[in-house]
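The exercises below are to be worked with the sequence and the 3D structure at hand. Each task is followed by a solution in steps.

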Amino acid sequence: MSTPQISFLKGHGTENDFVIVPDPDNALDLPASVVARLCDRRAGIGGDGMLHVVRSEAHPEARGMAAEAEWFMDYRNADGSVAEMCGNGVRVFARYLQRAGHVSEGDLAVATRGGVKRVHLAKDGAVTVSMGRAELPGDGVTVTVDGRSWPARNVNMGNPHAVAFVEDLAHAGELRSVPPFSPQSVYPDGVNIEFVVDRGPGHVAMRVHERGSGETRSCGTGACAVAVAAARRDGADPALTGAPATYTVDLPGGTLVITEHPDGGIDMTGPAVIVAEGVIDPAWLETMIG
């Protein structure tokens with residue numbers, strides 16, 4: 001039996017780019033090998049990950065969230081592995097739903113493996129995602145690159161992060177491979193590692209190695225983790241001060257604005273763009289599945 005045509009779109013949020021595969025009924029078989037090839041920048045479409053668009057009630061991992069969120073973001077890393085959440089991915093996912101006519105400007109909810117995320121599509125094109133609360137496990141790690149070592153703060157945004165403040169972003173090295181960290185037992189399932197420098201009051205810049213994807217141009221949950229770690233370092237924990245803490249976070253692909261509120265809720269605001277759409281060649285896909 002021939003492989004059916006599969007539609008796709010390509011989008012990015014601050015140049016964190018994704019292959020978008022609409023599949024409302026969860027009818028497609030997308031094993032890790034196929035996802036990895038689709039995300040391959042030389043042999044496939046290319047992307048930092050895949051946004052598999054499924055109705056929550058059609059996916060076994062999301063049925064429990066269907067009453068709150070009609071749509072589930074089944075997110076995959078570029079290597080095909082499953083991930084809990086992707087902040088830039090949620091913004092692009094919402095932009096796709098708007099483009100497809102499923103939602104309009106205003107508020108919506110998106111189900112993810114990291115829980116239901118609240119999204120606001122503004123008239124000016126910006127997309128704000130309520131990212132939930134950060135968890136701050138007490139155990140951190142030491143990250144080492146080219147003989148330099150830094151303590152890294154453990155921040156969980158629905159996925160694990162290690163945030164290290166450095167003197168120069170070049171000290172992070174090439175970031176294609178995972179920077180060595182210890183003890184590895186702190187992150188048994190791997191970790192996203194952020195390297196951060198100060199640009200001014202409430203203003204930082206970062207580079208990131210994303211688990212399963214290597215260095216990416218942007219990472220939304222990483223930017224949130226960085227803002228949370230910076231607020232604690234700067235004595236601006238909103239739970240203690242009673243005032244929101246807002247940080248502008250520069251990434252290689254653009255800028256995100258992160259606000260943590262006294263109740264612990266974190267908002268992330270930034271752009272989301274759809275740049276192309278098309279159809280995956282069924283013959284090519286058959287060679288991947290076969």
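The chain holds 5 helices and 18 strands; helices (H or I, at least four residues) and strands (E, at least two) are DSSP runs, numbered from the N terminus. The model is predicted, so local features need pLDDT of at least 70 and side-chain atom pairs count only at pLDDT 80 or more, while totals for chains, interfaces and linings use all residues. Residues are numbered from 1 along each chain as its sequence is written, and side-chain values use heavy atoms, with hydrogens and water left out.

**Exercise 1. Overall dimensions**

Compare the radius of gyration of the chain with that of a compact globule of 290 residues.

Solution. 
Step 1. The radius is taken over C-alpha atoms, and the globule rule is 2.2 Å times the number of residues to the power 0.38.
Step 2. For 290 residues the rule gives a value near 19 Å, and the chain has 19 Å, which agrees.
Step 3. The C-alpha trace spans about 60 × 40 × 30 Å along its principal axes.
Step 4. Of the contacts in the chain with a separation of 6 or more, 61% join residues 24 or more positions apart; contact means heavy atoms within 4.5 Å.

**Exercise 2. Surface and charge**

State what share of the residues is buried, and describe the accessible surface and the charged side chains.

Solution. 
Step 1. Buried means under 20% relative accessible area, exposed over 50%, and partly exposed in between (1.4 Å probe, protein chains only).
Step 2. By this cut-off, 50% of the 290 residues are buried.
Step 3. The accessible surface comes to about 12200 Å², and carbon and sulfur atoms supply 49% of that. Areas come from the Shrake-Rupley method with a 1.4 Å probe; for residues, only the protein chains shown count as cover.
Step 4. There are 24 positive and 37 negative side chains, and the centres of the two sets lie 2 Å apart. Lys and Arg count as positive and Asp and Glu as negative, with His and the chain ends not counted. A charge is placed at NZ of Lys, CZ of Arg, CG of Asp or CD of Glu.

**Exercise 3. Helix H1**

Which residues of helix H1 are buried?

Solution. 
Step 1. In H1 (residues 32-39), the buried residues are Val-34, Val-35, Leu-38 and Cys-39.
Step 2. Viewed down the axis of H1, these buried residues fall within an arc of 130 degrees, so they line one face of the helix. The arc is that of the directions from the helix axis to the C-beta atoms.
Step 3. Ser-33 also lies in H1, but this residue is partly exposed, at 48% relative accessible area.

**Exercise 4. Backbone exceptions**

Solution. 
Step 1. Most residues other than glycine have a negative phi, and most peptide bonds are trans.
Step 2. Pro-183 is in the loop between strand S11 (181-182) and strand S12 (192-200).
Step 3. Asn-26 is in the loop between S2 and H1 and counts as partly exposed, at 23%.
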